[in-house]
Amino acid sequence: MKKAGISKEADLAAFFHAYNEREYDTLFKNYMAEDCLWYASESVLKGKREILDYWTKSHSAFKETLGQPENVVFGKSQVYLQVKIRLDFVEDGSFYGKSYKKGDICNFGCADYYELDADGKIRYGLVYIKFFD
């Protein structure tokens with residue numbers, strides 16, 4: 001049986017896949033510490049409840065799809081990566097201070113930095129955004 005946590009690029013791809021499928025229990029069981037500190041695009045979130053509320057409530061106007069991790073660099077208990085992201089707006093909403101209409105698409109890239117705990121789970125995440133659109 002595979003050990004939970006992130007130790008190689010395939011684990012990051014599995015983490016992103018779980019996010020894209022909205023398998024939030026899997027995300028926290030396998031890849032994120034329950035008390036993770038997450039610096040998202042517009043917020044600083046602490047712990048599973050705040051992070052899930054952000055992903056499910058603050059992101060309700062769009063479906064977010066993470067691409068494959070790119071330019072991945074592992075260090076001691078840390079990982080840096082880049083990822084392309086697509087937002088498909090399912091209703092009128094906003095993201096990062098800009099308004100979007102239902103049907104709009106927003107493409108952008110992120111540079112992510114994660115610090116990992118002893119089990120390889122994300123205990124600290126920083127997400128930096130660069131817009132393409």
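Modeller: The model is predicted, so local features need pLDDT of at least 70 and side-chain atom pairs count only at pLDDT 80 or more, whereas totals for chains, interfaces and linings use all residues. Residues are numbered from 1 along each chain as its sequence is written, and side-chain values use heavy atoms, with hydrogens and water left out.

Biologist: Which residues of strand β5 form its covered face, and which its uncovered one?

Modeller: Helices (H or I, at least four residues) and strands (E, at least two) are DSSP runs, numbered from the N terminus. β5 covers residues 78-89. Its uncovered face holds Q78, Y80, Q82, K84, R86 and D88, and its covered face holds V79, L81, V83, I85, L87 and F89.

Biologist: How many bridges join β5 to β8?

Modeller: Two strands pair if DSSP finds at least two bridges between them. β8 consists of residues 105-116 and runs antiparallel to β5. Within this pair, L81 stands opposite D112 of β8. The number of bridges between β5 and β8 is 11.

Biologist: Which residue of β5 stands opposite L66?

Modeller: Strand β3 (residues 62-66) is antiparallel to β5, and 5 bridges join the two. L66 is opposite I85.

Biologist: How many residues lie between β4 and β5 in their hairpin?

Modeller: β4 (residues 70-75) pairs with β5 in the antiparallel sense through 4 bridges. In the hairpin formed by β4 and β5, the number of residues between the strands is 2.

Biologist: What is the volume of the largest cavity?

Modeller: A cavity is a set of points, on a 1 Å grid over the protein atoms alone, where a 1.4 Å probe fits but cannot get out; lining residues have an atom within 4 Å of a point. Grid points are joined across faces, edges and corners, and a volume is the space filled by probe spheres set on the points. The search of the whole structure finds 1 cavity of 30 Å³ or more. The largest cavity holds about 250 Å³.

Biologist: Which element gives the most residues to the lining of the largest cavity?

Modeller: The lining has 20 residues, and W38, W55, E64, L66 and V127 are the closest to the centre of the cavity. At least two lining residues come from each of α1 (9-20), α3 (47-58), β3, β5, β8 and β9 (122-131). With 4 residues, the element that gives the most is β8.

Biologist: How many residues of this lining are nonpolar, polar and charged?

Modeller: Ala, Val, Leu, Ile, Met, Phe, Trp, Tyr, Cys and Pro count as nonpolar, Asp, Glu, Lys and Arg as charged, and the others, Gly among them, as polar. By this division, the lining of the largest cavity has 2 charged, 2 polar and 16 nonpolar residues.

Biologist: Within what arc do the buried residues of α3 fall?

Modeller: Buried means under 20% relative accessible area, exposed over 50%, and partly exposed in between (1.4 Å probe, protein chains only). In α3, the buried residues are G47, I51, L52, Y54 and W55. They line one face of the helix because, seen down its axis, they fall within an arc (taken from the directions from the helix axis to the C-beta atoms) of 165°.

Biologist: Which exposed residues does the opposite face of α3 carry?

Modeller: An α-helix has 3.6 residues a turn, so residues three or four places apart point the same way. On the face of α3 turned away from its buried side, the exposed residues are R49 and K57.

Biologist: How far apart are the end C-alpha atoms of α1?

Modeller: The expected span of a helix is 1.5 Å times one less than its number of residues. For the 12 residues of α1 this should be 16 Å, which agrees with the separation in the model, 17 Å.

Biologist: Is S77 buried, partly exposed or exposed?

Modeller: S77 is in the loop between β4 and β5, and its phi is positive, about 60°, although it is not a glycine. Most residues other than glycine have a negative phi. At 37% relative accessibility, S77 counts as partly exposed.

Terms used: 1 Å grid on protein atoms, 1.4 Å probe; cavity = no way out; pocket = protein on both sides within 12 Å on 5 of 7 lines; lining within 4 Å.
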